[in-house]
Amino acid sequence: MRKLQLKELYERFRDPATIKALAKLIEKEARSLEEPLNIMEVCGGHTHTIMKYGLKQLLPDSIRFVHGPGCPVCIMPKERIDHAYILSKEEGVILATLGDMIKVPGSRGSLQKARREGADIRFVYSPLDVLKIARENPDKKVIFFAIGFETTTPMSAALLEHAIKEGLENLLLHVNHVTVPEVMQELIDSRDEHIDSYNNKIDAFIGPSHVSVIAGAKIYRRFPQRYGRPVVVSGFEPVDVMEGVLMLVRQFVEGRCELEIQYRRSVTMEGNTSAQKMIDRYFCKRELFKWRGLGNIPHSALRLRDEYARYDAERVYADILPLEEIEDHKLCICGDILRGMAEPTECMVFGTACKPSNPLGSCMVSSEGACAAYYKYGDLIGG
Amino acid sequence: MCLSIPSKVVSIDREKVTAVVDTMGVKREVGIDFIEHEVKLGDYVLIHIGFAMNIIGEEEALASIETYREILELMSEEERQRAITESESCNGG
Ligand code: SF4
């Protein structure tokens, strides 16, 4: 309840008059577009904003949103959730994680289930809380199941740095950090191959501001330069998203193809260099990482550097963590949704066999997942 | 989503690379690893999952704090603490 009330506070930053005025401007500018404009909002947070405020309905038909794969919970393959599940059941292990991770079903069940079965699983708001758990439980191994895009990666690195400084030997990380530009690149590459067979295509991107607060807007340079796709880095409030759309429309109308920042308040081209250095100190790129529904994507995730292998739960517990790939539920089309090729309502079991209370796929679990957003704000869909 | 209410820095521990911040009356320890060299006592910062991410101007900070004050004042200390932390909760997306 309280959480809802706090959310209501944000309404003041969400002035309907400003949103409408922006919608009008977009409509006016969009009349000069020669073709419809397909904009992928990469991040699940943006999908949530678009659905919640019915932004889709405010825009002319020539502007289409294609929902992207930027939900770290949704793209976590079952085998990695199984890792968390298996680790949590190990004797003397405490497993800690952030966010909605705890609800996502792997092939053996969710972490929630493991907890009911007696595993010691802690939900934390901050990686720093894990430090406290490790201090208070010197006889246990405390494993942080680290998830998220560039937004949470430096904090996982800082957690390790703090632990090493303090001499905490019982803290380990299971690293599942993924990176935004590589998955965007994959979406473009895979689309260009079969461009005719898809209804949707991606003409432009809206990039998430929080990723660029850390990594800088510079991570998107290749998209306008090499792939002819403009990018606007935008904030999460509806006004931010609308302004981002307007900036993209203007680029097309004026024949520009650029990287621009809508959220100038805290996003720069360079980003937070201390955070970037912290990431580099402890992490390096994985050759390949399997994304749920998208398959293997080169260099799209991070792992701990070899120097820190003793803190790497994947290596320390290698003998009990299976590597075989696990198929998703046959009816689930999360993969197509994450690629922006299908909408949740096209899934046969959407809202019937698959609901937030009983999710078949990961897109229904996280509040940032497209299926969950469509389910929650479904009455706004249509028209 | 990962939004946050501005917090004021009330003490700094350079050795531990942490600071105590006050978020509308709720005090807690946060990491300052990413703004270590710039941060000073009395600065307003935005917290992201337990770490201060950027320093913001006082005027802007006070304006946005004002927006939150009314409703938070109606809450008990414990509720306020939870609401503040939850407003910053994040999956990293
Ligand atoms: S509704 Fe459920 S089963 Fe269908 S795509 Fe979404 S998550 Fe998968």
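Helices (H or I, at least four residues) and strands (E, at least two) are taken as DSSP runs and are numbered from the N terminus. On this basis the elements of chain B follow the order β-β-β-β-β-α-α from the N terminus on, a total of 2 helices and 5 strands. The structure is a predicted model, in which local features need pLDDT of at least 70, side-chain atom pairs count only at pLDDT 80 or more, and totals for chains, interfaces and linings use all residues. Residues are numbered from 1 along each chain as its sequence is written, chains are lettered from A and ligands numbered from 1 in the order in which they are written, and side-chain values use heavy atoms, with hydrogens and water left out.

Chain A contains 16 helices and 13 strands. Its radius of gyration is 21 Å, close to the 21 Å that the globule rule gives for 383 residues, so chain A is as compact as a globular protein of that length; the radius is taken over C-alpha atoms, and the rule is 2.2 Å times the number of residues to the power 0.38. Along the principal axes, the C-alpha atoms of chain A fill a box of roughly 65 × 45 × 45 Å.

Burial was assigned from relative accessible area (buried under 20%, exposed over 50%, partly exposed in between; 1.4 Å probe, protein chains only). Buried residues account for 60% of the 383 residues of chain A and for 57% of the 93 residues of chain B. Accessible areas come from the Shrake-Rupley method with a 1.4 Å probe, and for residues only the protein chains shown count as cover. For chain B the area is about 4,100 Å², with 48% from carbon and sulfur atoms.

Contacts (heavy atoms within 4.5 Å) were also examined by separation in sequence. In chain A, 75% of the contacts between residues at least 6 apart join residues at least 24 apart. In chain B, residues 24 or more positions apart make up 45% of the contacts with a separation of 6 or more. Chain A carries 51 positive and 53 negative side chains, and the centres of the two sets lie 4 Å apart. Lys and Arg count as positive and Asp and Glu as negative, without His and the chain ends; each charge is placed at NZ of Lys, CZ of Arg, CG of Asp or CD of Glu.

A:Lys290 lies in strand E11 (residues 288–291) and is buried, with a relative accessible area of 18%. Its side chain is joined to that of A:Glu79 by a polar contact of 2.9 Å. Such a contact is a pair of N or O atoms within 3.5 Å; within protein, one must be able to donate a hydrogen and the other to accept it, and residues adjacent in sequence count only if both atoms are side-chain atoms. Beyond its neighbours within four places in sequence, A:Lys290 contacts A:Ile75, A:Pro77, A:Glu79, A:Gly295, A:Asn296, A:Glu325 and A:Ile326. A:Asp82, in helix H5 (residues 78–89) of chain A, is buried at a relative accessible area of 2%. The side chains of A:Asp82 and A:Ser107 form a polar contact of 2.5 Å. Residues up to four places away in sequence aside, A:Asp82 touches A:Gly106, A:Ser107, A:Arg108 and A:Ile326.In helix H7 (residues 127–136) of chain A, the buried residues are A:Pro127, A:Leu128, A:Val130, A:Leu131, A:Ile133 and A:Ala134. An α-helix has 3.6 residues a turn, so residues three or four places apart point the same way. The N-terminal end of H7 is capped by A:Ser126, with a side-chain oxygen 3.0 Å from the backbone nitrogen of A:Leu128. A:Asp129, also in helix H7, is partly exposed at a relative accessible area of 33%, and its side chain reaches the backbone nitrogen of A:Tyr125 at 3.4 Å. A:Asp129 and A:Leu159 are 30 residues apart along the chain, with their C-alpha atoms separated by 9.2 Å.

A positive phi near 55 degrees is found for A:His299, a residue other than glycine. A:His299 lies in the loop between strand E12 (295–298) and strand E13 (302–304) of chain A and is partly exposed, with a relative accessible area of 36%. In chain B, phi of B:Val17 is likewise near 55 degrees. B:Val17 is placed in the loop between strand E1 (7–13) and strand E2 (18–23) and counts as buried at 3% relative accessibility.
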